[in-house]
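Here is a short tour of a two-part assembly, taken one region at a time. Keep the structure open beside you as you read.

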Amino acid sequence: MPPVLQGLVTIAVGVFGCVAYFWVSNWLLDRVILPARGPNIARNIAWASLVRPWLFLFPAIFVLGLYLAWPVLGSFIRSLYNRAGTEFIGFGNYADLLAEPGFRTAVFNNMLWLLVVPAAATGFGLMAAQLTDRLRWGNLAKSMIFMPMAISFVGASLIWKFVYHNTADIGLINAVRAGLGAERAIDVVQIPFWNNFFLMVILIWIQTGFAMVILSAALRGIPEETIEAAILDGAGPFRLFFQVKVPQIMGTIVVVWTTITILALKVFDIVYTMTGGNFGTHILPSYMMTFMFRDDGRATAVAFVIMLLVTPVMIWNIRQARRELR
Amino acid sequence: MDTIAGKKSGLTIAVNLTVAALVLIWLIPTIGLLVSSFRDRDQISATGWWLAPLPVELTFRIRPAGDGAREEGGLHVLEGNVFAQPETARRFPEGRGEVTGFGVRARLPAEFAPGTEAELPRGGAVAIDADGAFRITQDEAFGPRGPTLYFEARTPPRFTLENYRTVLLADGMGRAFINTLTVTIPATVIPILIAAFAAYALAWMDFVGRGVLIAAVVGLLVVPLQLALVPLLSLHQQVGIGQSFLGIWLAHTGFGMPLAIYLLRNYMVGLPRDIIESARVDGATDFQIFTRIILPLSFPALAAFAIFQFLWVWNDLLVAKVFLPSATDTRVMTVTIADDLLGSRGGDWEILAAAAFVSIAVPLVVFFTLQRYLVRGLLAGSVK
């Protein structure tokens with residue numbers, strides 16, 4: 001069966017299966033197992049409303065548990081075994097990683113990404129949100145800055161290859177340099193240390209639109225009175241922005257910042273496409289992929305290190321969510 | 001804000017200019033890709049895409065046939081036009097053009113100005129005019145082919161769809177496009193229904209453990225996919241799914257689930273309580289409330305998630321690399337570009353540009369037509 005047909009069948013089976021599951025399980029509950037009639041009607045209705053949420057939740061919990069919750073544990077356990085998965089070696093994989101210069105480079109670079117990308121994307125996003133706020137063509141401008149969100153990391157990397165290429169006839173950077181009188185073309189993705197920043201630019205380019213959209217909504221949500229009061233008190237546009245508006249949207253800025261931080265820990269596509277991790281540009285997700293299919297023990301160990309780095313944000317998010325629920 | 005008119009206009013101009021610069025910086029790389037994807041192969045490596053509308057000077061190498069030679073005053077003479085040679089026929093179908101320089105060595109293809117005469121390295125001389133007419137004179141008779149000549153000519157800017165044809169037919173992007181579509185659609189449709197029921201339960205049903213479950217969903221939102229790769233792949237292999245389309249659909253369904261539940265629950269919680277309460281009073285069951293009231297009212301949130309999931313699955317490289325077989329006929333576009341084209345076609349910029357554009361065209365269309373829902377979804381997911 002060709003995959004396209006298989007896809008259509010899957011949609012049909014999937015959608016029909018879901019509908020059937022929900023409908024049949026409800027029907028069984030209400031008519032057969034705990035019918036809302038007969039001598040035990042009150043007890044049956046009470047029981048049914050206790051069971052029903054779990055009927056609704058079951059498929060989601062099953063999928064979440066199997067595809068996200070269990071793998072956290074599964075990965076950790078696997079990381080304690082050797083390459084073939086036959087022998088328990090404790091934290092041997094982690095010890096090996098620590099001894100490897102490649103791993104240390106990846107951790108160091110990842111830290112750079114975590115510092116630079118969220119800061120730059122949020123900063124540019126905030127700037128774009130504020131500047132486009134009262135502009136007549138603001139919506140068009142926002143649309144254009146938001147557009148890279150739709151482009152894949154691979155596509156974005158290719159787009160930037162045309163900017164970074166090491167000849168002045170294809171690469172925009174070298175063309176500008178040549179225009180300014182530089183004699184030799186350079187390959188920016190091969191300059192040690194700084195090449196990391198050129199790769200980060202790609203993710204910043206993609207994420208700025210995301211930050212802008214959310215921060216722009218937050219700016220619009222600021223109560224008019226506070227702004228009017230500040231203007232009446234003689235605040236200039238810069239003071240108005242930094243001392244009146246920014247403090248009021250600090251909560252949203254933090255949310256945007258952490259969301260992009262999480263992303264910067266997970267994106268392997270850019271490094272993979274641009275340099276393949278060469279020239280000292282590996283970050284943890286791309287470093288992990290060098291072990292994938294070859295040494296599952298190491299691969300899961302790297303993955304678990306990423307998990308550890310994400311954990312503080314995860315705990316913070318959960319606490320925020322619980323506070324809102326109350 | 002319009003109190004001090006004079007002061008304001010200066011600031012307004014500055015703001016306009018800054019935003020214009022920002023938009024330009026953001027757009028230029030993508031425009032470069034788009035322009036390059038339509039350019040001719042030789043022209044791409046000769047001038048930058050920003051010069052695409054201008055004529056390009058390309059160098060050519062010809063070896064005119066020697067059979068038209070004649071003898072003139074003891075010398076052998078070969079005359080003709082450089083634009084009428086088989087080597088240049090593709091580029092100059094009309095047989096006319098403008099020579100901007102010529103040479104006799106590969107190293108210096110435009111050493112001499114048109115109209116002058118140059119010595120040939122093996123004896124004799126050649127002159128090429130600006131209109132392409134050449135005249136070679138030498139002592140010995142010409143063989144079947146004359147000496148090798150080089151010249152540089154101005155070629156008009158040439159835009160073509162050939163790159164797209166090559167990419168789609170010869171480089172497997174056509175197949176990959178269909179594969180991407182095959183992966184994306186079920187992986188977008190299936191999670192929606194599962195998540196919608198769960199979101200309703202978490203939003204409007206009372207039960208013990210609801211708070212814990214919501215917290216768990218929020219926590220799972222940030223779990224890195226990297227963790228899931230190895231355990232799930234071995235699980236898939238154990239139950240016989242292996243690396244297959246079914247496997248990737250299941251994987252994407254799982255990975256998209258936290259965001260789906262989170263977005264939909266946030267939206268459903270905000271629906272007016274009165275409607276739901278009065279439906280309950282009228283004797284509607286939860287199942288009826290969900291299908292008749294909640295689901296239709298939640299359309300914006302469903303659309304937002306669908307767009308998110310669509311873009312995410314379409315653009316994904318990691319999950320496709322791990323959960324699909326790496327054979328050519330099951331590759332999706334991102335994998336084809338990253339693993340195949342960048343290796344085998346690394347220097348063919350027109351091919352890479354066209355391939356990239358094929359892969360980003362559908363997301364861009366989705367993005368520009370459904371941007372409203374996407375923005376609404378982003379806001380529902382983050383500002384709460």
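A:Phe193 is found in the loop that links helix H7 (172–179) to helix H8 (194–220) of chain A. This is a predicted model, and in it A:Phe193 has a positive phi of about 65° although it is not a glycine. Most residues other than glycine have a negative phi. Is A:Phe193 buried or exposed? It counts as exposed, because 12 C-beta neighbours lie inside 10 Å.

With 16 C-beta neighbours inside 10 Å, A:Phe279 counts as partly exposed.

| Residue | Phi | Where |
|---|---|---|
| A:Phe193 | about 65° | loop between H7 (172–179) and H8 (194–220) of chain A |
| A:Gly234 | about 90° | just after H9(A) |
| B:Gly240 | about 95° | just after H6(B) |
| B:Gly132 | near 100° | hairpin of E6(B) and E7(B) |

Helix H9 (residues 224–232) of chain A has 9 residues, and the number buried is 0, so H9(A) lies largely in the open.

Helix H6 (residues 226–239) of chain B has buried residues, among them B:Leu227, B:Val230, B:Leu233 and B:His236. What do the buried residues of H6(B) pack against? From chain A they meet helix H2 (41–78), helix H13 (284–289) and helix H14 (296–325), and from chain B helix H7 (245–269) and helix H11 (318–323). H6(B) is kinked by about 25°, with the kink centred on B:Leu232. Its length still agrees with expectation, because 14 residues at 1.5 Å a residue should span 20 Å and the end C-alpha atoms are 21 Å apart.

The contact between the chains takes 92 residues from chain A and 91 residues from chain B. On the side of chain A that touches chain B, H2(A) gives the most, with 18 residues. That side divides into 67 nonpolar, 16 polar and 9 charged residues.

Within chain A, the domain assignment gives domain 1 (3–78) and domain 2 (93–325). Their centres, taken over C-alpha atoms, are separated by 39 Å. In the contact between them, 4 residues of domain 1 of chain A meet 6 residues of domain 2 of chain A. The domain 1 side comprises 2 nonpolar, 1 polar and 1 charged.

Back in chain B, strand E7 (residues 133–138) has antiparallel partners. Strand E3 (residues 75–81) of chain B is joined to E7(B) by 6 bridges, with B:His76 opposite B:Gln138. Strand E6 (residues 125–128) of chain B is joined to E7(B) by 4 bridges, and here B:Val126 stands opposite B:Ile136. The hairpin of E6(B) and E7(B) has 4 residues between the strands.

A last stop is B:Trp49, in the loop between helix H2 (41–46) and strand E1 (56–62) of chain B. B:Trp49 is buried, because 25 other C-beta atoms lie within 10 Å. Leaving aside residues up to four places away in sequence, B:Trp49 touches B:Gly32, B:Val35, B:Ser36 and B:Arg39. B:Val35 is 14 residues away along the chain, and its C-alpha atom is separated from that of B:Trp49 by 6.4 Å.

Definitions and conventions. Residues numbered from 1 in each chain as written. Chains lettered and ligands numbered in written order. Predicted model: local features only at pLDDT ≥ 70, side-chain atom pairs only at ≥ 80, totals over all residues. Helix = DSSP H or I, 4+ residues; strand = E, 2+ residues; numbered from the N terminus. Expected span 1.5 Å × (residues − 1). Bend = angle between axes of the 7 residues up to and from the residue. Buried ≥ 20, exposed ≤ 12 C-beta atoms within 10 Å, placed from the backbone. Contact = placed C-beta atoms within 7 Å. Nonpolar A, V, L, I, M, F, W, Y, C, P; charged D, E, K, R; others polar. Domains from an automatic or database assignment. Pairing = 2+ DSSP bridges.
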